[in-house]
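Subject: Structure handover

Hi,

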Amino acid sequence: MLSRVANNLIWLDRYMERGNGILSLLKVNFYANQDSPELFSWSPIIKNYTSTDNTFYTEDAVACIDFIIFDNENSNSIVNIVKKARENARSVQEHISKELWLCINSYYLFLTKKGLREKLNEEDLIVFLDNLLAFHLKFYGNMEITLERGPAYYFMNIGKYLERVIQISDFTAMKLIEIAKTSDNLEQSFYWKNLLLSIGGYQLYLKKYKSFKEDHIIAMIFQDTLFPRSVYYCINKLNRHVNLLIDTGELEKNNIEFLLGKLESTIKYTTIESINDQGLDNFIQSIKEDIKNISYSINTVYFSNIN
Amino acid sequence: MANDDLFSSYDLLPNTWDEMYNNPSDIRSQYKIINEYLKSTSPEMLFKKEELSKQLFMNQGVTFTVYNDNEGIEKIFPFDIVPRIITSSEWEKIDRGIKQRLKALNLFIKDIYHEQYIIEDGIIPAELIYSCPNFLREMKGVKVPHDIYVHIAGVDLIRNNDGEFYVLEDNLRTPSGVSYMLENREISKRIFPGIIPKNQIRPVSNYPNLLYKKLKELSDQNDPNIVLLTPGIYNSAYYEHTTLARLMGIELVEGSDLVVKDHFVFMKTTNGLKRVDVIYRRVDDDFLDPLEFNEASTLGVAGIMAVYRKGNVNIVNAPGTGIADDKAIYIYVPDMIKYYLEEDPILKNIETYQLGKPEEYEYVAKHIKNMVIKKTDGSGGYGMLMGHEATEEEIKDYLNNVKKNADNFIAQPILRLSTAPCCIDGKLSPRCIDLRPFALSGKDGIDVTPGGLTRVALKKGSLVVNSSQGGGSKDTWVIQ
């Protein structure tokens with residue numbers, strides 16, 4: 001496969017995954033903000049998804065959602081993310097299924113259709129967000145059903161799980177800052193619950209652990225083997241797809257595989273006690289550092305000779 | 001519900017061939033079925049079908065992007081739902097005519113880049129060849145597989161008021177529009193269910209398979225690596241490049257994906273370098289190789305021409321084919337046909353005056369109101385003067401400009417392009433059309449796909465069908 005194509009496939013999925021994460025976060029924060037606006041303000045979300053020179057901040061839910069979805073200047077706005085996903089898809093059309101292309105194209109057309117932005121003020125916000133999220137669900141389903149299990153699929157999955165693990169780390173780090181600000185146990189539990197909701201693990205958590213305990217939440221977010229949005233699960237999938245690429249001859253055995261294997265066992269075998277000893281924020285920081293190195297290695301192996 | 005209103009304002013243009021009407025009360029037989037169908041369809045339904053066709057183009061991304069204030073706007077090439085219909089006997093002549101013409105043009109290109117008998121025998125003046133900007137010295141003496149230079153051609157035809165098809169341009173470089181031929185048919189199937197089989201229309205969908213076959217023939221490898229080279233996503237025909245690559249199952253590459261090493265062309269893959277055997281390029285000659293042509297080009301591949309001359313890669317169409325579709329050379333195509341094939345041309349040329357010849361200049365200047373003047377190296381409908389529309393002042397300015405380099409200009413009488421019914425604001429109106437059939441040459445001969453791209457001037461009274469100037473397209477049906 002062309003290096004450029006592989007790169008575009010990875011980014012196609014990274015953008016789609018990012019869009020899905022941001023929209024889920026907006027939806028969860030909207031609910032939480034209704035209960036306790038002082039705990040679930042919009043500013044940290046805006047801060048996380050804009051560049052450092054951004055000056056726009058608001059605590060108005062509609063204005064914030066409008067900004068995050070539609071702002072043209074913000075490279076992480078949903079419109080811009082989907083635009084980039086579509087551009088990547090457009091240039092790799094002969095490698096993805098026609099259905100998948102139609103799916104991404106229809107999302108882009110929906111988002112850029114005249115009058116959609118105005119609807120944000122008129123429609124129910126949750127319905128509005130759900131309509132966008134539905135495109136992501138279609139994308140996931142389409143990819144699973146229409147793409148052959150081959151290099152294109154593996155590269156897309158690398159993009160997906162790379163982005164997902166970065167998001168989980170970011171969400172958790174964001175919440176830890178808030179949690180550190182309060183000593184109130186109830187408030188802290190709100191934050192933890194909100195974090196679980198944002199990454200879609202609340203229901204599973206209740207099923208498994210029933211009541212709130214910080215250690216359990218950390219174990220679930222970082223180490224659960226069955227939860228598709230745990231850090232461990234994502235690293236495991238990354239590892240799997242890197243190995244599939246090695247099997248199909250698209251990648252030579254090298255340090256990416258080593259780095260991933262090492263990270264996977266670190267996460268799996270680190271005890272809650274030792275996470276607490278080093279501090280969760282440090283633990284997250286070291287995971288982020290490792291992911292950065294892995295992502296960097298993928299770039300050098302595949303894409304250093306682009307241009 | 002009958003829709004009698006539909007035809008209420010179909011005013012035939014004077015002195016013009018209409019594809020549907022023989023005379024105001026007589027519909028040509030090939031249009032009877034579609035005519036019945038349209039008549040029995042309500043205006044609301046027709047409107048819905050038009051909307052559906054637009055939606056289908058948008059959803060599939062059959063669009064080009066217009067950049068304005070940093071914002072890309074997706075546009076579709078306007079599509080008129082009423083098909084243009086050609087009878088089998090009309091097609092038979094077009095088919096033979098195009099094959100004959102391409103055969104001669106290909107012999108001409110080979111001759112020009114080798115022995116140049118046609119110059120020696122005084123049929124075409126040498127200075128005309130050497131002054132042509134599309135003549136590539138780099139191609140002199142280069143042997144190409146099966147002696148084929150033009151593998152893909154899109155010959156532009158128009159039907160004059162005598163009912164005959166005339167050749168307007170030969171388009172032998174990187175003709176575009178074939179994806180619209182394919183896509184328009186897919187849309188027709190959706191909006192006129194059942195009508196195509198009833199009319200016994202010849203299919204066009206085999207084009208990509210045939211193209212693949214012809215590309216594959218060019219390589220002596222068992223399983224050649226064939227790629228389509230695109231200038232990239234900002235090119236207005238990018239949709240076409242992605243479609244053709246997908247339909248042939250070949251890789252779509254950009255110049256930066258390719259590299260020349262040890263006298264071969266390679267593409268940069270995740271697996272290392274992989275040899276490329278055949279390149280269907282949609283990049284113009286000038287941008288193909290920065291070492292030999294435009295050195296600022298980032299769209300091509302440095303060193304590719306040297307590899308090509310060694311015979312280690314095939315480039316389709318061959319570089320240098322532009323010598324044969326130059327507007328100044330066009331005049332000589334009937335002579336070429338006689339010279340190389342000893343045949344009379346089946347399809348006529350349009351009478352063309354060379355403004356470099358004083359007596360022809362005089363004649364054109366005298367009849368300027370009935371003339372269109374073109375630059376010999378222009379395309380896309382730019383830089384033309386339409387005598388009947390221009391003011392005295394514009395004509396004066398234009399002719400002053402012509403005098404500076406008269407050899408670069410030709411003139412043709414303003415043609416009566418034939419008209420076909422178009423659905424405009426819920427009613428059928430006649431609009432001017434042309435026809436671009438697509439032909440593929442290979443070692444087993446030439447195949448012309450039955451149909452092609454019918455372009456239509458959607459502006460009332462306009463003769464300019466170019467997409468950049470308010471043109472649209474129609475599906476083109478050839479009856480079995």
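Predicted model: local features only at pLDDT ≥ 70, side-chain atom pairs only at ≥ 80, totals over all residues.

Core

The largest nonpolar core has 211 residues. Within that core, A:Val231 and B:Leu105 have the most contacts. Helix H1 of chain A, residues 3–35, supplies the largest share, with 13 residues. Which residues does A:Val231 touch, leaving aside neighbours within four places in sequence? They are A:Val165, A:Ile168, A:Ile221, A:Phe222, A:Ile267 and A:Ile287. As background, nonpolar side chains tend to be buried together in soluble globular proteins.

Helix pair in chain A

H1(A) also packs on helix H7 of chain A, residues 125–146. The angle is about 155°, and the axes are 10 Å apart. Angles over 145 degrees count as roughly antiparallel, so H1(A) is roughly antiparallel to H7(A). The crossing of H1(A) past H7(A) is left-handed.

Here are the residues that meet:
- From H1(A): A:Met16, A:Gly19, A:Asn20, A:Leu23, A:Leu26, A:Lys27 and A:Phe30.
- From H7(A): A:Leu125, A:Ile126, A:Leu129, A:Leu132, A:Leu133, A:His136 and A:Phe139.

By type, the residues of this contact between H1(A) and H7(A) are 10 nonpolar, three polar and one charged.

Chain contact

How many residues does each chain bring to the contact? Chain A gives 22 residues and chain B gives 18 residues. On the side of chain A that touches chain B, the elements giving two or more residues are H1, helix H4 (78–90) and helix H5 (98–112) of chain A. H5(A) gives the most to that side, with five residues. The residues of the chain A side divide into nine nonpolar, eight polar and five charged.

One loop residue in chain B

B:Gln30 sits in the loop between strand E2 (26–27) and helix H1 (32–39) of chain B. Is B:Gln30 buried or exposed? A residue is buried if 20 or more other C-beta atoms lie within 10 Å of its own. B:Gln30 has 20 C-beta neighbours inside 10 Å, so B:Gln30 counts as buried. Not counting residues up to four places away in sequence, B:Gln30 touches B:Ile85, B:Thr87 and B:Ile479. B:Gln30 and B:Arg436 are 406 residues apart along the chain, and their C-alpha atoms are separated by 20 Å.

Best wishes

Definitions and conventions. Residues numbered from 1 in each chain as written. Chains lettered and ligands numbered in written order. Core = buried A, V, L, I, M, F, W, Y, C linked by C-beta atoms within 7 Å. Buried ≥ 20, exposed ≤ 12 C-beta atoms within 10 Å, placed from the backbone. Helix = DSSP H or I, 4+ residues; strand = E, 2+ residues; numbered from the N terminus. Contact = placed C-beta atoms within 7 Å. Axes fitted to C-alpha atoms, helices over the stretch in contact; angles between N-to-C directions. Parallel < 35°, antiparallel > 145°, perpendicular 65-115°, else oblique. Left-handed = near helix turned anticlockwise from the far one by under 90°. Nonpolar A, V, L, I, M, F, W, Y, C, P; charged D, E, K, R; others polar.
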